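Reader: I have just opened this structure and would like to learn how to read it. Could you walk me through a few features?

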Amino acid sequence: MTITDRSASKIYGTLDVVNNLYKIYFKLNNFNLCKNLLRSVKGPGFPALDKFPISQLTTYRYYTGRLAMLTGKYAEAEDELTAAFERCPKTSIRNKQLVLLFLVPIKLLHGKFPKQRLLIKYNLHQFVELVKAVKQGNLIAFNK
């Protein structure tokens with residue numbers, strides 16, 4: 001291993017550390033610390049995000065989208081979660097499902113309705129009736 005190999009490995013490790021800290025902070029419901037992570041990643045000393053493996057970038061976008069959702073930045077949350085969903089491998093059904101748990105409500109908020117087959121494919125049956133109720137403007141069904 002050369003010096004450049006080690007420094008490249010350190011660079012790749014930085015986003016992995018950030019993602020693990022995001023995971024811990026979310027479990028602790030400590031979103032202020034998440035904001036500090038976000039500032040660090042967006043700061044001038046952090047490597048460009050396109051330098052990282054897709055798997056790390058997808059995880060980062062997932063947590064960034066969730067944080068944006070919690071802080072009321074719904075357009076940003078939609079962008080980040082959509083990017084996470086699209087970059088998630090087709091074989092990662094569980095990860096896609098986790099992203100959709102947060103993406104579907106944001107899409108509904110923006111008047112975008114997911115296809116029923118998408119919800120069924122990812123076992124998100126809790127949204128099927130909700131989407132129908134919202135489409136129909138049925139407040140009784142919506143409140144159930």
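**Reading the surface, the loops and the helices**

Author: Gladly. Let us begin with charge on the surface: Lys 35, Arg 39, Lys 42 and Lys 73 gather there in a patch of positive charge. Please keep in mind that this is a predicted model.

Reader: Where does Lys 42 lie, and is Lys 42 buried or exposed?

Author: Lys 42 belongs to helix H2, which covers residues 31-42. Lys 42 has a relative accessible area of 57%, and exposed means over 50%, so Lys 42 counts as exposed.

Reader: Thank you. How should I read the backbone angle phi?

Author: Here is the general idea: most residues other than glycine have a negative phi. Now look at Asn 29, which is not a glycine and yet has a positive phi of about 55 degrees. Asn 29 sits in the loop between helix H1 (3-27) and H2, and Asn 29 is exposed, at 56% relative accessibility.

Reader: What is phi at Asn 123, and where does Asn 123 lie?

Author: Asn 123 also has a positive phi, near 55 degrees. Asn 123 is found in the loop between helix H6 (116-121) and helix H7 (128-136). With a relative accessible area of 47%, Asn 123 is partly exposed.

Reader: Let us turn to a helix. How many residues does H3 have, and how far does H3 reach?

Author: Helix H3 runs over residues 54-70, which makes 17 residues. From its first C-alpha to its last H3 reaches 24 Å, close to the 24 Å expected at 1.5 Å a residue. The buried residues of H3 include Leu 57, Tyr 60, Tyr 63, Arg 66 and Leu 67. After H3 comes Gly 72, with a positive phi near 80 degrees.

Reader: How far apart are Asn 20 and Thr 59, in sequence and in space?

Author: Asn 20 and Thr 59 are 39 residues apart in sequence, and their C-alpha atoms are 9.4 Å apart in space. Asn 20 lies in helix H1 and is partly exposed, with a relative accessible area of 41%.

Reader: What about salt bridges: how many are there?

Author: The general idea is that side chains of opposite charge can pair when their charged atoms come close. Here the count comes to four salt bridges. In one of them Arg 61 pairs with Glu 80, the closest N and O atoms being 3.0 Å apart. Arg 61 lies in helix H3 and Glu 80 in helix H4 (residues 74-87), so the pair ties together parts that are 19 residues apart in sequence. Glu 80 is buried, at 15% relative accessibility.

Reader: Which parts does the pair of Lys 107 and Glu 78 tie together?

Author: The side chains of Lys 107 and Glu 78 meet in a salt bridge at 3.1 Å, N to O. Because Lys 107 lies in helix H5 (residues 93-109) and Glu 78 in helix H4, this pair ties together parts 29 residues apart in sequence. Lys 107 is partly exposed at 23% relative accessibility, whereas Glu 78 is buried at 7%.

Reader: And what separates Glu 129 from Lys 132?

Author: Glu 129 and Lys 132 are three residues apart in helix H7, so about one helical turn separates them. Glu 129 and Lys 132 form a salt bridge, with the closest N and O atoms 3.6 Å apart. Glu 129 is exposed, with a relative accessible area of 52%, and Lys 132 is partly exposed, with 35%. Finally, salt bridges that share partners join Glu 78, Lys 107 and Lys 112 into one network.

Notes. Residues are numbered from 1 along each chain as its sequence is written. This is a predicted model: local features need pLDDT of at least 70, side-chain atom pairs count only at pLDDT 80 or more; totals for chains, interfaces and linings use all residues. Side-chain values use heavy atoms; hydrogens and water are left out. Patches are made of residues with over 30% relative accessible area and no salt bridge: like charges are joined within 9 Å, nonpolar side chains (Val, Leu, Ile, Met, Phe, Trp, Tyr) within 5 Å. Accessible areas come from the Shrake-Rupley method with a 1.4 Å probe; for residues, only the protein chains shown count as cover. Lys and Arg count as positive and Asp and Glu as negative; His and the chain ends are not counted. The place of a charge is taken as NZ of Lys, CZ of Arg, CG of Asp or CD of Glu. Helices (H or I, at least four residues) and strands (E, at least two) are DSSP runs, numbered from the N terminus. Buried means under 20% relative accessible area, exposed over 50%, partly exposed in between (1.4 Å probe, protein chains only). The expected span of a helix is 1.5 Å times one less than its number of residues.
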